[in-house]
Amino acid sequence: MYYVYILRSLAKPGHYTGHTKNLEVRLQAHNNDESRHTSNYCPWFLETVTSFRNEQKAKAFELNLKSHSGEPFPPNIFGPCSSYLYQQRSYRGGTHYFLK
């Protein structure tokens with residue numbers, strides 16, 4: 001499995017988004033000053049985790065989250081049948097996908 005995660009810091013407002021194959025080891029690396037992007041703001045905790053069987057889909061989802069484009073991720077990112085699972089709705093000025 002591949003994981004896309006969002007971390008929150010107790011030391012500063014904001015978040016950090018990344019992807020990994022080993023979530024436990026990666027979180028330890030963030031909290032042990034082994035990541036130059038997060039070392040100054042330890043400790044970090046997991047806010048959200050999404051798992052993927054496919055690394056390319058995990059990377060695409062991470063890049064979409066990091067793009068700050070305001071565009072929702074395509075509902076078919078979760079597979080060909082996901083359009084039957086999700087419905088698009090406007091919510092607080094944005095477009096979001098919810099389970100039907």
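**A sheet, a helix and a loop: questions and answers**

Trainee: How many bridges join strand β1 (residues 2-9) to β2?
Mentor: The two strands run antiparallel; strands are DSSP runs (E, at least two residues; helices are H or I, at least four), numbered from the N terminus. Strands pair if DSSP finds at least two bridges between them. For β1 and β2, the number of bridges is 6.

Trainee: What kind of model is this?
Mentor: Residues are numbered from 1 along each chain as its sequence is written, and side-chain values use heavy atoms, leaving out hydrogens and water. Local features need pLDDT of at least 70 and side-chain atom pairs count only at pLDDT 80 or more, while totals for chains, interfaces and linings use all residues, since the model is predicted.

Trainee: Which residue of β2 is the bridge partner of arginine 8?
Mentor: Let's walk along the two strands. Valine 4 has histidine 19 of β2 as its bridge partner. For arginine 8, the partner in β2 is histidine 15.

Trainee: Which residue takes a positive phi in the hairpin of β1 and β2?
Mentor: This hairpin has 5 residues between the strands. The positive phi there is near 115 degrees, and the residue that takes it is glycine 14.

Trainee: What is the strand order of the open sheet?
Mentor: The sheet has 3 strands with antiparallel pairing. Its edge strands, each pairing on one side only, are β2 (15-20) and β3 (44-52).

Trainee: Within what arc do the buried residues of α1 fall?
Mentor: In helix α1 (residues 23-31), Leu23, Ala29 and His30 are buried, with buried meaning under 20% relative accessible area, exposed over 50% and partly exposed in between (1.4 Å probe, protein chains only). Their cover includes β1, β2 and β3. The arc is that of the directions from the helix axis to the C-beta atoms. These residues line one face of the helix, because seen down the axis of α1 they fall within an arc of 125 degrees.

Trainee: Which residues does serine 35 touch?
Mentor: Serine 35 sits in the loop between α1 and β3. With 6% relative accessibility, serine 35 counts as buried. Not counting residues up to four places away in sequence, and taking contact as heavy atoms within 4.5 Å, serine 35 touches Arg26, Ala29 and His30.

Trainee: Is aspartate 33 buried or exposed?
Mentor: Aspartate 33 is also found in the loop between α1 and β3. Although not a glycine, aspartate 33 has a positive phi of about 60 degrees. Its relative accessibility is 52%, so aspartate 33 counts as exposed.

Trainee: Which peptide bond is cis, with omega near 0 degrees?
Mentor: Look again at the loop between α1 and β3, where proline 43 is found. The cis bond runs from cysteine 42 to proline 43.

Trainee: How far from the ring centre of tyrosine 41 is lysine 12?
Mentor: A charge sits over a ring if NZ of Lys or CZ of Arg is within 6 Å of the ring centre and within 35 degrees of the ring normal. Lysine 12 lies over the face of tyrosine 41, and its distance from the ring centre is 4.5 Å.
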